[in-house]
Amino acid sequence: MPMQLERVASPQTRPLAFAIRSERPSDRPFRERLLDAAMGPARKRKSSEKLRRGRLPAEGMAFVATLPDGTVAGTVRLWHVGAGNGPDGRPVPALLLGPLACDVSLKGLGIGTALMQTAMAAAAKSGCGAVLLVGDHAYYARFGFRQGLTDLLAMPGPYERERFLAAEIVPGHLAGAQGVLTAAGRRSHRRLEDASGLARIGQPHLRQGNP
Ligand SMILES: CC(C)(COP(=O)(O)OP(=O)(O)OC[C@H]1O[C@@H](n2cnc3c(N)ncnc32)[C@H](O)[C@@H]1OP(=O)(O)O)[C@@H](O)C(=O)NCCC(=O)NCCS
C-alpha cells in the first residue's frame, strides 16, 4: 500500500512524523509489546479475542504506524467475522476491527485517527459491507460507528453492550442481521509466521531498526 506520511505537533511542539504501512511478520513482537503497554494483560481475555484467536487478520488489512527510525508506534487490524444471520438465514459477512492502539507516550497526536482512516478505507476497498468493534462510542463515532446497528447482534462472551458498535459501509448491510458473531477468518499457521519473522522474539523491545 502507498505510504502515508503524517506530520503533527508533539506536546513539546516539535514536529512528529509517522507513516502508516501494512503490517509485516517482523512487526509482531513490537506490536504485542505495544498492545501490552496500551491495554494490559486483560486484553487477551476480551470476547473479541475469541473471534481472533487462531485466525489471521483479513488479508491486507493489518496496519502499523511507524516513526522515521522504524519504531512501531501504533497498530490496527481487521478480521473476517460472520455478523449473525440475515433475514434469509445466511451468515452476514463483516469485519471486526481491533485492537487499535498507539504508543502510550504518543497519544493524542493523530496516530489513532490515521490508523482508523487507513483501516476503514481498506475495508471499503475490499467490498466489505460493515465493520464492527467493541470500543468507546465517544472516540469511534467520528469514524461513523454507532450503537443501534448491533441491537440484534451479540459478542461471543462478556462485553459492555453500549460499547458494541458498527459502521455500515454499504447502507442497510446489517439490516435484520441477528445472532452471535462468529470467526470467519483464515486459520493461522503460527509455524509459518514464526519462520517468516519471529526469530527475533527473544528480546522484544519497542525500538526497531529500519523496517
Ligand atoms: C484510543 C487510541 C487508539 C487513540 O489514538 P490517538 O492517537 O491517541 O488518538 P488521536 O490523536 O487520533 O485522536 C485524539 C482524540 O481522540 C480522543 N480520544 C482518545 N481516546 C478516546 C476515548 N477512549 N474516548 C473518547 N475520546 C478519545 C482524544 O480526546 C482526542 O480528542 P480531540 O481530537 O477532540 O482532541 C489511543 O488513545 C490508545 O492507544 N488508547 C489505549 C488503547 C485503547 O483504548 N484502544 C481503543 C479501544 S476503545
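Of the 211 residues in the chain, 34% count as buried, a residue being buried if 20 or more other C-beta atoms lie within 10 Å of its own, exposed if 12 or fewer, and partly exposed in between, with C-beta atoms placed from the backbone. The structure is a predicted model, in which local features need pLDDT of at least 70 and side-chain atom pairs count only at pLDDT 80 or more, whereas totals for chains, interfaces and linings use all residues. Residues are numbered from 1 along each chain as its sequence is written.

The mean pLDDT of the chain, pLDDT being the predictor's confidence in each residue from 0 to 100, is 87, and 82% of the residues reach 70 or more. Over residues 192-211 the pLDDT is below 50, and this stretch has 31 contacts in the model beyond near neighbours in sequence. Two residues are in contact if their C-beta atoms, placed from the backbone, lie within 7 Å. Of the contacts in the chain with a separation of 6 or more, 73% are accounted for by residues 24 or more positions apart.

The secondary structure comprises 5 helices and 10 strands; helices (H or I, at least four residues) and strands (E, at least two) are DSSP runs, numbered from the N terminus. Strand E7 (residues 130-134) is largely enclosed by the rest of the structure, because 5 of its 5 residues are buried. On one side of E7 the buried residues are Ala130, Leu132 and Val134, and on the other they are Val131 and Leu133. Two strands pair if DSSP finds at least two bridges between them. Strand E5 (residues 91-97) pairs with E7 in the parallel sense over 2 bridges, and Leu96 stands opposite Leu132. With strand E9 (residues 164-168), E7 pairs in the antiparallel sense over 5 bridges; here Leu133 stands opposite Leu165.

Strand E3 (residues 62-66) is also mostly covered, with 5 of its 5 residues buried. One face of E3 presents Ala62, Val64 and Thr66, and the other Phe63 and Ala65. E3 and E4 run antiparallel and are joined by 5 bridges, with Thr75 in E4 as the bridge partner of Val64. The hairpin of these strands has 5 residues between them, and Gly70 within this hairpin takes a positive phi near 95 degrees.

Asp88 lies in the loop between strand E4 (72-85) and E5. This residue counts as exposed because it has 7 C-beta neighbours inside 10 Å. Although Asp88 and Ala177 are 89 residues apart along the chain, their C-alpha atoms are separated by 9.5 Å.

The 15 residues of helix H3 should span 21 Å at 1.5 Å a residue, and the end C-alpha atoms are 21 Å apart, which agrees; the expected span is 1.5 Å times one less than the number of residues. Buried residues in H3 include Ile111, Ala114, Leu115 and Met116. Just after H3, Gly127 takes a positive phi of about 90 degrees.

The ligand is surrounded by 16 residues, of which the closest are Ala101, Gly112, Thr113, Gly135 and Ala138; a residue is near a molecule or strand if its C-beta atom, placed from the backbone, lies within 6 Å of it. Helix H1 (28-39), strand E6 (101-102), helix H3 (111-125) and helix H4 (137-140) each supply at least two residues of this shell. The largest share, 3 residues, comes from H3. The shell divides into 9 nonpolar, 5 polar and 2 charged residues, where Ala, Val, Leu, Ile, Met, Phe, Trp, Tyr, Cys and Pro count as nonpolar, Asp, Glu, Lys and Arg as charged, and the others, Gly among them, as polar.
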